[in-house]
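Have it open while you read.

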Amino acid sequence: DLTTLKLWMRLRQRLPGDEPRRLLALGYPDALVAPENYARVLGAETAARLRWRDDSDSVLRWHGLHGKLDRIVDSVSLFTLCGYKLDCIDISAARGDEIIADMNQPLPRELEGKFDVVYDGGTLEHCFNIAQAIKNMALACKVGGFCVNINPLNVYNHGFYNLSPTFYTDFYGCNGFKMLDLVMLS
């Protein structure tokens, strides 16, 4: 959403260097932002270079947003223009280019410490072994990198868990991370 898009821009400013920063997303991060908001956040010139998904209609139906948005951006295009190289990890190949791994199991060693940002836009609550899944996020993150979690606090019958803010502050605090922001959206 728009709040998350602004977050990506703020995070990129915190990461030094001009080269693309590695971003690992748990699942494919569909960009569900109204088209007019891209120019407001990215600037008109950058927004004009975005690629739009050919299957926008089916993706919007899947998210229950058909009729609320008319099209959606290709996330690889969006993240590239924001200064990131997007990798996605998932239990199965839904899009075809995912890193196949089960977040309920230990993270493959070759992924440890490789990513500047590890992004959970709504996967953690679907992992039954949530302790292993969040540990995997922390392990995938480089020293000095960021973990971003967007999970439900109070959504009935969605995934296995609704997560209290103390889940994040306690886990990340006990594992050497510094909490930069804790935001609750309605």
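The points below go through the sheet, then the salt bridges, then a charged patch.

1. First, a reminder that this is a predicted model. Please read everything below with that in mind.

2. Start with the sheet. It is open, has 5 strands and runs in the order S3-S2-S1-S4-S5, with parallel pairing. The edges are S3 (99-100) and S5, each of which pairs on one side only.

3. Now look at S1, residues 21-26. Is this strand mostly covered or mostly open? Mostly covered: 5 of its 6 residues are buried. S1 is joined to S2 (residues 84-90) by 6 bridges, and to S4 (residues 115-120) by 3 bridges. Both pairings are parallel.

4. Leu-24 is a handy residue for finding your way around here. Its bridge partner in S2 is Asp-87, and its bridge partner in S4 is Val-118. Further along, S4 and S5 pair in the parallel sense over 5 bridges.

5. On to the charges. How many salt bridges does a search of the whole structure find? The count is 10. In general, side chains of opposite charge can pair when their charged atoms come close.

6. Asp-87 sits in strand S2 and Arg-22 in strand S1, so the pair ties together parts that are 65 residues apart in sequence. Asp-87 counts as buried because its relative accessible area is 13%, under the 20% cut-off. Arg-22, with 29%, is partly exposed.

7. The next pair is made of loop residues. The side chains of Asp-74 and Arg-51 meet in a salt bridge at 2.7 Å, N to O. Asp-74 is in the loop between helix H4 (56-62) and helix H5 (75-81), while Arg-51 is in the loop between helix H3 (44-47) and H4; they are 23 residues apart, and the pair links distant parts of the chain. Asp-74 is buried, with a relative accessible area of 15%, whereas Arg-51 is partly exposed at 48%.

8. Asp-116 is buried, with 4% relative accessibility, and Lys-142 is partly exposed, with 31%.

9. Last, the surface. Lys-6, Arg-10, Arg-14, Arg-40 and Lys-178 gather there in a patch of positive charge. Helix H1 (residues 2-14) supplies the largest share of this patch, 3 residues. Arg-14 lies in that helix and is exposed, with a relative accessible area of 53%.

Note on methods: Residues numbered from 1 in each chain as written. Predicted model: local features only at pLDDT ≥ 70, side-chain atom pairs only at ≥ 80, totals over all residues. Heavy atoms only, no water. Buried < 20%, exposed > 50% of the residue type's maximum accessible area, 1.4 Å probe, protein only. Helix = DSSP H or I, 4+ residues; strand = E, 2+ residues; numbered from the N terminus. Pairing = 2+ DSSP bridges. Patch = residues over 30% accessible without salt bridge, like charges linked within 9 Å, V, L, I, M, F, W, Y side chains within 5 Å. Areas by Shrake-Rupley, 256 points an atom, 1.4 Å probe, with all protein chains shown as cover. Salt bridge = Lys/Arg side-chain N within 4 Å of Asp/Glu carboxyl O. Lys, Arg positive; Asp, Glu negative; His and termini not counted. Charge placed at Lys NZ, Arg CZ, Asp CG, Glu CD.
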